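Subject: Structure for you to look over

Hello,

I am passing this structure on to you. My notes on it follow below.

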Amino acid sequence: MPIQILPPILANQIAAGEVVERPASVIKELVENSLDAGANRIDVELEKGGCQLIRVRDNGGGICGTELALALARHATSKVATLDDLEHIASLGFRGEALASISSVSRLTLTSRTAGQHEAWQAYAEGREMAVTVKPAAHPVGTTVEVLDLFFNTPARRRFLRSEKTEFAHIDELLRRLALSRFDVAINLKHNGKLLRQYRPAQTESQQEQRVVQACGAEFMQAALRIDSEHLGLHLYGWLAPQPLTAINEVQYCYVNGRMIRDKLLNHAIRQAYSECTGTSFQPAYILYLELDPHQVDVNVHPSKHEVRFHESRQVHDFIVQVIRQALQTAYSENAPDAVFSGIEDAAPDYPVSPLKNRATGQHQYSAPTGGYSSPSGSQLRSYGQLLTSELPSIPVSREAGSVAAPDNSDWPVLRLIQQRYLLSAQDDTLYLSDLVAIQSLQWLTQCNASFNEGLIAQPLLIPQRLDIARPHEWLAEYGIWLQKLGLRYNTHKNKQIIIQAVPALLRQTDMASTIPAMLSLLERYPVALSHQEWHSFIATWLKLPGLIPHHYSMDSARSLWLWLQQNVADWQNNTQLMRSVDLTNILEVFSRD
Ligand SMILES: Nc1ncnc2c1ncn2[C@@H]1O[C@H](COP(=O)(O)OP(=O)(O)OP(=O)(O)O)[C@@H](O)[C@H]1O
Ligand SMILES: [Mg+2]
C-alpha cells in the first residue's frame, strides 16, 4: 500500500481511540471544556447510559460563531499557542483534539453563544473530510455539546460498551471526581429524564463538607482528618481517613492543580505514609489536592491527561509522605481523628493544632499560587532538605488508630518551640527548656541499640540514588553483614559506584551523598565480624556524625519527641542533658523591686 495522508475522519478516529473509550470519557472531555470556559453551572443529560445521547450544557464564556468550525477541527485550541505555554499549562485541556475526536465517532453538534453576540451558532462536522456546517441557532450565553449514537460508525468500539447500568456507574463516578475538583461549580446529572445528582455550589467549609458527604458518604467525612500544609510552593490539602472504612466505595481521589489524576508517585507516597504509621497495608481513603507552580509539573504525558510528571519528583514525594505521616501520627497519638492538622509549620506556637485555612471559595488557582510562587532556589531546596531532616522516626504507634495512650501531660504543657530546636514547657511555676537534638539522639540510640538482632529496617527509596563510594566493591562485600544490619540495600554499579536502593529511616531524609560515605568511613574502623559490643560502639559514634541528627524541628515533630520522652525515658525530668529548668530568679527580683 502506498504511503498516503489519512483522511481527517480516520486520523480523528485513530486519535479518538486513545481518548474516547466510553461515554464517561466523552463527558470528561466536555465537562473539562466547560470548566476551562469558566462555567459555574454544568448540566449533563444522558439517555441509555450515554450510549444514545450525551448533552453537556454550560454557562461559560462560549465560542463565537466565526471560531465554531475551528473548535471541531483537529489541533485547534484556544488554550496553548507556544511551546512556552505548554510548559506551564493552566487549563484542563490543551491538546486541541477532544471535540474533533468525539465528533469523528458520533453525531456531534456544538451550539454556542458568547456575551458579545446577539445570536447563537450551531456547528456539526460531516463526511470523510469532516467539513463543518455552521448555522444560526437559539442558545443563551454558554455552550451545549450534544453527542448522539456514540461509536455508531466504529462497531469494534461499540462492542466494548457495557450495559447501560455499568456505563452510567462510570459516568456517576467521573462526575463525583469532577465535583470534588471544583466545589464552586454546580453540576447536575439527568439520566433518562430523571435528575439523579445535584451538586450545589459549595462556598463555605461546611458546604464543601456536605458535598464530600454527598460524593463519598458520611462514613468517610466522619472519620476524615483535614490537612492543609504548605511549604516552598508545594501545597497539600484535603481529607484523609486514618482508619480503614467499611463502605464498599473506594475513596481515593487525587488532584494536581485542579486536575484529577492517577499518579504512581502520589499513590506510592500516600501508601508509604500509611504503612509507616499503621504497620498495615489497608486501602487508605483520601481526597487530596496538591497545588504547585505549573512550571514544576508536566501534564502532557498521556492523551487521557490523567498522568503527570513532576520535575522535582523526590521533593514532591517526600513532602506528601511527611505531611500525611505527621497528620496520622498526630491523630493516632491524640486519639482524635477529627483533629485539624496544619502540617509543616516551622515554629507553630498554636499547640496542639492550628485551624484549617478557610478554603471557602473552592477555586483552584491555575495561575501561580497566592503568595507568588517562584521556583525554589538552591538555598530554598537546601532548607527544604533541612526541613525534611527534621523528620522524626515514626514513634511506635499501635496498629489500631487511637489506641496509643497519650500521657497525661496537661500538668506539664508544651508552650512553644524556640529556634526550631528547643521546646519550652511548664510545670507548676517552673518553665523548662528541652533540647530536641538531644532527645532525638537518645531516641535513635535507644532504637538502634535495640535493633541488634533484627537489624534496622531498610526503607526502599522511590528514586534509587547513585553514589561514589571511593572503595572497591569487594570492600562492601566484606562488610556485607554490617550493611545488611544497618538497613542499607544497594546494587553495585561502575567501579567504586553503587546504586542505593533502600536505607534505614535514620538516613532517609539526610543528604545521602555525604552521610553514607561518612558512615562507610566510620565502618572501616570496625572489624568485619560484627559483635554486640561493636554494634553499640558503632551506633554511639555514628549518631554523632554531622548531618545525621536534624537541628530543626516542626512543632509536630517536637510534640512526637516530647511524647516519646515521657513514655520511654525513666527519670527524664531530671536528665539535664535533655532538659533544664529556666531560672527566673533574676527577672522576678527585678519585678519585685519595681
Ligand atoms: N464548552 C466550551 N465553552 C467554550 N469554548 C469551548 C468549549 N468547548 C470547547 N471550546 C473551545 O474549543 C476548543 C477545542 O476544544 P477541544 O476540547 O477539542 O480542545 P482543547 O480543550 O483545547 O484541548 P483537549 O483536546 O486537550 O481537550 C477549545 O480550545 C475551546 O476554545
Ligand atoms: Mg478540551
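A term first: two strands count as paired if DSSP finds at least two bridges between them. The model is predicted, so please read everything below with that in mind.

The hairpin of E7 and E8

This is where the pairing term is first needed. E7 and E8 pair in the antiparallel sense over five bridges, and His 191 stands opposite Lys 194 of E8. Two residues lie between the strands of this hairpin, and Asn 192 has a positive phi near 45° there. On the burial of E7: five of its six residues are buried, so the strand is largely enclosed by the rest of the structure. E7 also pairs with E1, in parallel, through six bridges; in that pairing Ile 42 is opposite Ile 187 of E7.

The eight-stranded sheet

E7 and E8 belong to an open sheet of eight strands with mixed pairing, in the order E5-E4-E3-E6-E2-E1-E7-E8. Its edge strands are E5 (131-137) and E8 (194-199), each of which pairs on one side only. Neighbouring strands in this sheet are turned against each other by 15° on average, direction ignored. Further along the order, E2 (residues 53-58) and E6 (residues 142-148) run antiparallel and are joined by six bridges. Leu 53 is placed opposite Leu 148 of E6.

- H7 (residues 164-181) lies across E1, E7 (186-191) and E8, and runs at about 175° to E7.

H7 against H8

H7 has a helix partner as well. What is the angle between H7 and H8 where their axes come within 10 Å? The axes of H7 and H8 (residues 205-216) cross at roughly 165°. Angles over 145 degrees count as roughly antiparallel, and that makes H7 roughly antiparallel to H8. The crossing of these two helices is left-handed. On the H7 side the contact is made by Arg 176, Ala 179 and Leu 180, and on the H8 side by Arg 211, Val 212, Ala 215 and Cys 216. By class, the residues of the contact of H7 with H8 are five nonpolar, no polar and two charged.

The four-stranded sheet

There is also an open sheet of four strands, ordered E17-E18-E19-E23, with antiparallel pairing. E17 (414-418) and E23 (579-581) are its edge strands, and each pairs on one side only. From one strand to the next, the twist averages 25°. Four bridges hold the antiparallel pairing of E17 with E18 (residues 422-427), and Tyr 422 in E18 is the bridge partner of Ile 418.

Two helices pack on this sheet:

- H13 (residues 436-449) touches E17, E18 and E19 (430-435), and its direction makes about 55° with that of E19.
- H19 (residues 555-568) touches E17, E18, E19 and E23, and its direction makes about 125° with that of E17.

H13 against H18

The axes of H13 and H18 (residues 532-542) come within 10 Å and cross at roughly 160°. H13 and H18 are therefore roughly antiparallel to each other, and H13 passes H18 in a right-handed crossing. Leu 445, Cys 448 and Asn 449 of H13 meet Trp 535, His 536, Ile 539 and Ala 540 of H18. The residues of the contact of H13 with H18 divide into five nonpolar, two polar and no charged.

Lys 305

One single residue to check. Is Lys 305 buried or exposed? Lys 305 is located in the loop between E14 (297-298) and E15 (309-310). Its relative accessibility is 5%; buried means under 20%, so Lys 305 counts as buried. Neighbours within four places in sequence left aside, Lys 305 is in contact with Lys 28, Glu 29, Glu 32, Leu 92, Gly 93, Phe 94, Arg 95, Arg 259 and Met 260.

Regards

Terms used
Residues are numbered from 1 along each chain as its sequence is written. Chains are lettered from A and ligands numbered from 1 in the order in which they are written. This is a predicted model: local features need pLDDT of at least 70, side-chain atom pairs count only at pLDDT 80 or more; totals for chains, interfaces and linings use all residues. Side-chain values use heavy atoms; hydrogens and water are left out. Axes are lines fitted to C-alpha atoms, for helices over the stretch in contact, and angles run from 0 to 180 degrees between N-to-C directions. Contact means heavy atoms within 4.5 Å. Angles under 35 degrees count as roughly parallel, over 145 as roughly antiparallel, 65 to 115 as roughly perpendicular and the rest as oblique. A crossing is left-handed if the near helix is turned anticlockwise from the far one by less than a right angle, and right-handed if clockwise. Ala, Val, Leu, Ile, Met, Phe, Trp, Tyr, Cys and Pro count as nonpolar, Asp, Glu, Lys and Arg as charged, and the others, Gly among them, as polar. Buried means under 20% relative accessible area, exposed over 50%, partly exposed in between (1.4 Å probe, protein chains only).
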